[in-house]
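Please keep the sequence and the structure in view while reading.

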Amino acid sequence: MTTDSIAPVKEKSRKNKKVVVDEQAPLLPSKHEEEGGLEEFNGASFTGAVFNLSTTIVGAGIMALPATMKVLGLGLGIAMILFMAFLTEASIEMLLRFSRAGKTSSYGSLMGDAFGKYGKMLLQIAVLVNNIGVLIVYMIIIGDVLSGTTSNGVHHAGVLEGWFGAHWWNGRTLVLLVTTLAVFSPLACFKRIDSLSFTSGLSVGLAVAFLVITVGITIIKLISGSISMPRLLPDVTDLTSFWNLFTVVPVLVTAYICHYNAIHTIDNELEDSTQIKSVVRTSLALCSSVYVMISFFGFLLFGDGTLDDVLANFDSNLGIPYSSLLNDAVRVSYAGHLMLVFPIVFFPLRLNLDGLVFPSSRPLVLENLRFALVTIGLITIIFLGANFIPSIWDAFQFTGATAAVCLGFIFPAAITLRDSHNIATKKDKILASFMIVLAVFSNLVAIYSDAYALFKKSSSQRE
C-alpha cells in the first residue's frame, strides 16, 4: 500500500453526502470494516485537523531553533523563521492546487501524476529517509532529557539521574527501550490518524506548557537584571564563518516539514475539505508564533552557551527560586510532547515503506500480520539509530539538507514547473524556480560547511 491509496477523492464537503469506500483506500476511510461490521466515520473536525497538523509541524526541530539564533543572531534568525513559514505555505498551496486538478488524494499519487512511477518512488524514499531521521531525533531528545547527555566533555544530567542518581536502570538504552515498548508501540498501532486527535491536542498543550515556563523563567531573569542583551546579527569574521551561516537552513527546513505526512491525510479526513487552507494557515500561524517565542526566549536565556538541544541547558541552577522544579517541568513537558508526536510522524513512514516493499499487496490495514511486522521493523531501526547517533544537530543536518528539503520545497516546485494540467501561472513558475535555486544552493553550502567542520575536527583530534 502506498501514499496514493490513502483515500478516495471526494467532493468539497462530506456533509449530507454518501461516501463510497474504495477498497484500495481503507487506511483513512469514511467508513471502515471492522469484524464484519461498519463503523461510521463522518470526518475530522477543524479543531482536530489543526491540532494534528500543528503537532506534526512542532516536532523536535523546535529544540534546535535557539541554537540557530546563536549562529544567525536574533534579528536575522527570527526573520528567517518567518520567511520559511511563507515558503512553507506557498509550497503547500502548490501541492493542494495540483492535487485538486489531478484528482489525486496523496503526495505520492501527485508525484506519480507529474513524473510517473519513478517520481512516486523517489518521494517514498525521501519520506523514509526524512521520517526515520526525525524519529531518531525524537528518541535522542527523550534520551537526553531522561538519562542525560555529554557535550564537549561536559555531562548534562537527565531527569531520572537527577532524581535518583546514576543507576543501571536509568541508563539511556534501557530508558529508551521501556519508552518504546510502553509508549511508542501502543500509539503506533492505530490505523487511522484521526484516532490520535486527542493525543495531538494533549501534545500541543505540553508544548505550550514548555513554552510558557521557558518564557516565564526568562522574564523573571530579565527583571532581576541577570540577562544581557543578545546579538541581533551574526558574528561573521571570515569566509568560514560566513559559510557556517548556511548550516541553519536544514534545521529551519526540518522545523516546518509537514507536506508528506499530514496535508493530504488531514485533507482526506476533513469533514469539509474546503477548510484545508484555513487549517494550514491557522497551524502555520500558531507554529510560527511558538517558534519565534522559543527562539527568542531560549537564546535570551542561555546566550552563546545555548546547546544544539536546548533542553540539555535545563540541568543547572537558573538563579531563580524553584530552579530545579522548573528545569524538570520544562524537560518533562517537552519529552511528553515528543512521545505523543511520534505516532503521527510514524504513520506515513509505515505507509510508504509498505508501498515500496509490497506495492501489489492488499491494503496494509487489512493485513494484521504485515502491519505488525512493518511496525516492529521500523521501530527497531529507529531505536538502534537513537542509540548510535550522538547529536540531534548531526541528524538534522543530514535529513534537513537531503530528504526534507526535497519534500518541502524541491518536489512541490518541480510539480509546479512540470504543470501537467496547465494551471500554473507565471508567478507560480517564478516562485517555484526561486524555491529550487534557493533550496539547492543553501543546502549544498550547508553540506559543504558541515563536512569541512567535521574534517577539521577529525584532523585536530589526530594531532
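The sulfur of Cys258 has its closest cysteine sulfur in Cys287, 8.0 Å away, which is too far for a bond, since a disulfide is taken to be a pair of cysteine sulfur atoms within 2.5 Å. By this rule the count of disulfides comes to 0. The model is a predicted one, in which local features need pLDDT of at least 70 and side-chain atom pairs count only at pLDDT 80 or more, while totals for chains, interfaces and linings use all residues. Residues are numbered from 1 along each chain as its sequence is written, and side-chain values use heavy atoms, with hydrogens and water left out.

The table gives the accessibility of some residues, where buried means under 20% relative accessible area, exposed over 50%, and partly exposed in between (1.4 Å probe, protein chains only).

| Residue | Relative accessibility | Class |
|---|---|---|
| Cys258 | 0% | buried |
| Cys189 | 45% | partly exposed |
| Tyr118 | 61% | exposed |

Tyr118 lies in helix α4, and together with Met121, Ile125, Val129 and Phe398 makes a nonpolar surface patch of about 510 Å². Helix α4, residues 107-147, gives the most to this patch, with 4 residues. An α-helix has 3.6 residues a turn, so residues three or four places apart point the same way.

Helix α11 covers residues 276-302, and because its 27 residues should span 39 Å at 1.5 Å a residue, the 38 Å between its end C-alpha atoms agrees. Just after α11, Gly303 takes a positive phi of about 60°.

Note on methods. Helix = DSSP H or I, 4+ residues; strand = E, 2+ residues; numbered from the N terminus. Expected span 1.5 Å × (residues − 1). Patch = residues over 30% accessible without salt bridge, like charges linked within 9 Å, V, L, I, M, F, W, Y side chains within 5 Å. Areas by Shrake-Rupley, 256 points an atom, 1.4 Å probe, with all protein chains shown as cover. Salt bridge = Lys/Arg side-chain N within 4 Å of Asp/Glu carboxyl O.
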